[in-house]
Amino acid sequence: MKILVVNCGSSSVKYQFIDMNGEKVLCKGLAERIGIEGGRLVHRVNNDKHVIERNMKDHEEALKLVLDVLVDPEIGVIKDLSEIDAVGHRVVHGAERFASSVLIDEEVMKALEENVHLAPLHNPPNILGIKAIQKLLPKVPNVGVFDTAFHQSMPKKAYLYALPYELYEKYRIRRYGFHGTSHRYVSKRAAEILGRDYYDFKVITCHLGNGASIAAVRHGKSIDTSMGFTPLEGLVMGTRCGDIDPAIVIYLQQNLGMSVEKVYDLLNKKSGMLGLTNNLSSDMRDIEDAAQSGNEIAQLALDIYVYRIAKYIGAYAAAMNGVDAIVFTAGVGENSPYVREKVCEYLGFLGVKIDKQLNDVKGVERIISTPDSKVAVLIVPTNEELVIARDTKYIVENKVKELKLF
Ligand SMILES: Nc1ncnc2c1ncn2[C@@H]1O[C@H](COP(=O)(O)OP(=O)(O)O)[C@@H](O)[C@H]1O
Ligand SMILES: CC(=O)OP(=O)(O)O
Ligand SMILES: [Mg+2]
């Protein structure tokens, strides 16, 4: 079975085409700058990179280009589109409706449309991607895999905000959590690597990418996570602020005369590492380089970034009454020995000890704690696309409507 995995962002489409026989990635790529000038598709087959400069008016045009490239006689990997057996879609917000991965039918589409107000940045492009594939590949089954689904196991005490209860009852204002596909994959993988029973294992997973979140996973279930009603809460991110006093939002509007849109933009796109460093960069590589060459503001931003992660780990160790393992994943988590080392420096009280040499590595799966560390510390490269492909295969092969995650 060959599965196309699609992750549609507001102006980009990431894709992977996976042969499930051996779980081999046949090709992958990124179509970016959709809807604006300078559109391009970067397509990778093994170690070959092909760049196609082409403006794409919308997601449908972008996905059409992706399909054209898949069957291209020179750089493609299949002869005919009929070789695509199913398409798995990343969907960011599934709200309370989706605690599982699902086969997409009309009823699911309707539910997705109803959730748009909860994730105005993320869900509309996800829906456009599904609709485009339905049009371009009308006979192929589509499966939706949700960022929020894995966190639906959280207890009420973790997901309710201390707001009037009515806001939850009427409007479903609560913590949802995101990056669930990644937290689910790396938490399970950590148990496997350590030879532990996943269902008798307490693990804290740190997904540190452009967006970043942390989760407490006990006995195979997410019991708490740092992102909330939207992917804005929690850790310091590339451009998102994470936790702040909500009164700041009101202050910005009342005293600085900022509009709702301006505040939204400021918190989502101009804050985080980018904002803290006076617009130096949102990319951790640039910030680490600057700090190394003595840039004090970059160093301060790093200190704040690391401190926030350490605080959450402390909190989640308490939430689970202990922790067996801590996992680092995603762009920063996998590739920054500095961030991992500095976070672990705070965790001596838990008996965490890492081996600096083992930690001095990028992008590999390994245990980096010392044998006498009370808590295992691991790097586990995440693979959300593989999880989406596996869920898609399960649903299509078994002809079921959904795959329950817990
Ligand atoms: N070698 C590295 N050292 C430090 N940070 C890195 C390195 N490589 C990538 N990153 C960070 O990873 C981030 C992207 O993470 P990724 O998980 O790919 O994000 P997303 O999926 O949200 O786009 C970049 O912003 C960059 O800061
Ligand atoms: C939900 C979310 O924050 O996703 P990303 O990290 O891809 O922005
Ligand atoms: Mg990511």
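## Overall fold

Of the contacts in the protein chain between residues at least 6 apart in sequence, 62% join residues at least 24 apart. The model is predicted. Its protein chain contains 15 helices and 15 strands. The radius of gyration is 21 Å, close to the 22 Å given by the globule rule for 406 residues, so the protein chain is as compact as a globular protein of that length.

Buried residues make up 45% of the 406 in the protein chain.

## Helices α6 and α15

Helix α6 covers residues 180-194 and helix α15 covers residues 384-397; their axes come within 9 Å and cross at roughly 90°. Angles of 65 to 115 degrees count as roughly perpendicular, and α6 and α15 are therefore roughly perpendicular to each other.

On the α6 side, the residues that meet α15 are T181, S182, R184 and Y185, and their partners in α15 are E384, V387 and I388. By class, this contact of α6 with α15 has three nonpolar, two polar and two charged residues.

## Around S281

S281 sits in the loop between α9 (272-276) and α10 (284-292). S281 has 17 C-beta neighbours inside 10 Å and so counts as partly exposed; a buried residue would need 20 or more, and an exposed one 12 or fewer.

Apart from neighbours within four places in sequence, S281 is in contact with L274, D286 and I287. Between S281 and Q292, 11 residues apart in sequence, the C-alpha to C-alpha distance is 15 Å.

Note on methods: Residues are numbered from 1 along each chain as its sequence is written. Chains are lettered from A and ligands numbered from 1 in the order in which they are written. This is a predicted model: local features need pLDDT of at least 70, side-chain atom pairs count only at pLDDT 80 or more; totals for chains, interfaces and linings use all residues. Axes are lines fitted to C-alpha atoms, for helices over the stretch in contact, and angles run from 0 to 180 degrees between N-to-C directions. Helices (H or I, at least four residues) and strands (E, at least two) are DSSP runs, numbered from the N terminus. Angles under 35 degrees count as roughly parallel, over 145 as roughly antiparallel, 65 to 115 as roughly perpendicular and the rest as oblique. Two residues are in contact if their C-beta atoms, placed from the backbone, lie within 7 Å. Ala, Val, Leu, Ile, Met, Phe, Trp, Tyr, Cys and Pro count as nonpolar, Asp, Glu, Lys and Arg as charged, and the others, Gly among them, as polar. The radius of gyration is taken over C-alpha atoms; the globule rule is 2.2 Å times the number of residues to the power 0.38.
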